[in-house]
Amino acid sequence: MARAVLGIIGGSGVYDLPGIADLREEAIASPWGEPSDVVRRGRIGATEVVFLPRHGRGHRHSPSDINYRANIDVLKRAGVTDLVSVSACGSFREELFPGSFVLVDQFVDRTFRRHGSFFGSGCVAHVPMAHPVGPLLQRRIAAAAAQEGIPHRLGGTYVCIEGPQFSTYAESLTYKGLGYDVVGMTAMPEAKLAREAEITYATVAMVTDFDCWHPEHDDVDVAAVVAVARRNAETVARLIARVARDFPAEHEPCPVRSDRALDGAIMTAPSARDPALLRKLDAVAGRVLG
Ligand SMILES: CSC[C@H]1O[C@H](OP(=O)(O)O)[C@H](O)[C@@H]1O
Ligand SMILES: Nc1ncnc2[nH]cnc12
């Protein structure tokens with residue numbers, strides 16, 4: 001069984017993770033291009049952790065321009081087995097107020113101008129996405145949140161819009177009417193790519209606003225998101241520290257097989273595979289491509 005390495009992707013307002021011991025920065029090269037930043041790695045308790053801010057330090061990359069493939073690839077190369085993705089989001093429910101954390105378990109992908117797969121012509125693969133979140137990892141985050149006294153809800157649906165503009169009023173009402181819980185701009189294709197890379201994934205969606213549907217709250221703007229996200233940064237650090245301190249030494253086999261997602265997923269016959277693409281897939285699909 002693989003040694004567990006806990007990855008953390010920080011979102012808006014979370015560009016650093018305080019409390020990492022033996023901290024070092026590593027620029028990991030990827031055949032998929034430039035990741036958002038160098039990774040910062042070290043230990044929390046006995047657990048090895050690897051941190052990457054998805055917008056880069058200084059918030060340089062917009063949701064549409066983040067190189068999600070390079071980010072997941074470098075985390076895979078860093079040995080990450082379990083990945084906690086932290087995201088700011090708007091809420092479609094009265095009870096999910098700014099400051100609360102939602103441990104979402106479903107995603108709806110409304111993005112349309114991002115590279116959504118490591119695979120393609122020369123090596124076609126179809127991985128299961130019915131259950132995009134690793135339930136054991138999610139349970140560990142929920143337990144840590146309970147122990148730290150952090151208000152949270154287990155389960156929910158995150159709709160990922162392309163952005164960078166926030167939703168229109170009609171869109172906001174539509175998403176609310178469809179029963180979605182929160183809205184953001186970054187969980188997709190991140191979750192899909194993590195699945196292709198056989199990394200167990202879970203999202204901590206930090207509610208920063210009520211988007212624009214709520215009659216008694218102002219429409220979302222960046223200032224509101226940033227104010228709440230900044231206040232939440234310390235809470236996120238506390239949550240991650242608790243998850244890390246209680247993390248098992250070995251990666252726990254995932255009940256939804258996120259860590260075996262490529263078993264039987266590759267359709268392209270070995271003789272028809274593109275050697276150049278196979279070389280790029282060395283980290284992501286090395287387990288099955290050999
Ligand atoms: C700063 S407002 C919009 C911005 O905030 C969220 O970022 P992240 O998911 O990385 O925390 C949202 O997805 C947008 O990128
Ligand atoms: N209302 C919202 N819509 C999209 N992304 C967000 N990130 C934070 N709040 C958001």
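**Ligand surroundings and helix packing in a predicted model**

The largest share of the shell around ligand 2 comes from β5, with three residues. Helices (H or I, at least four residues) and strands (E, at least two) are DSSP runs, numbered from the N terminus. The model is predicted: local features need pLDDT of at least 70, side-chain atom pairs count only at pLDDT 80 or more, and totals for chains, interfaces and linings use all residues. Residues are numbered from 1 along each chain as its sequence is written, while chains are lettered from A and ligands numbered from 1 in the order in which they are written.

The shell around ligand 2 holds 14 residues, and Ala88, Gly90, Val183, Asp211 and Val220 come nearest. Two or more residues of this shell are given by each of β5 (82–91), β10 (182–184) and β11 (200–209). A residue is near a molecule or strand if its C-beta atom, placed from the backbone, lies within 6 Å of it. Eight residues of the shell around ligand 2 are nonpolar, four are polar and two are charged. Here Ala, Val, Leu, Ile, Met, Phe, Trp, Tyr, Cys and Pro count as nonpolar; Asp, Glu, Lys and Arg count as charged; the others, Gly among them, count as polar.

Ligand 1 has 13 residues around it. Gly11, Ser12, Ser87, Met185 and Thr186 come nearest to ligand 1. β5 and α5 (222–245) each supply at least two residues of this shell. The shell around ligand 1 has five nonpolar residues, seven polar and one charged.

The UniProt record (unreviewed entry) marks Ser12, Arg54, His55, Ser87, Ala88 and Thr186 as "binding site". These residues span 175 residues in sequence, yet no two of their C-alpha atoms are more than 12.1 Å apart, so they gather at one spot. His55 sits in the loop between β4 (47–53) and α1 (68–77). UniProt also places "domain: Nucleoside phosphorylase" (unreviewed entry) at residues 6–244. UniProt positions are given in the numbering used here, feature names are shortened, and annotations may be inferred rather than shown by experiment. Residues 6–244 are 28% helix and 26% strand, and the end C-alpha atoms of this stretch are 7 Å apart.

Two helix pairs were examined. The axes of α2 (residues 135–148) and α5 come within 9 Å and cross at roughly 120 degrees. α2 is therefore oblique to α5. Axes are lines fitted to C-alpha atoms, for helices over the stretch in contact, and angles run from 0 to 180 degrees between N-to-C directions. Angles under 35 degrees count as roughly parallel, over 145 as roughly antiparallel, 65 to 115 as roughly perpendicular and the rest as oblique. In α2, the contact is made by Arg140, Ile141, Ala144, Ala145, Gln147 and Glu148; in α5, by Arg238, Leu239, Arg242 and Val243. Two residues are in contact if their C-beta atoms, placed from the backbone, lie within 7 Å. Five residues of the contact of α2 with α5 are nonpolar, one is polar and four are charged.

The axes of α1 and α4 (residues 187–196) come within 9 Å and cross at roughly 40 degrees. This pair is therefore oblique too. Tyr68, Arg69 and Ile72 of α1 meet Pro189, Glu190, Leu193 and Ala194 of α4. The contact of α1 with α4 has five nonpolar residues, no polar and two charged.
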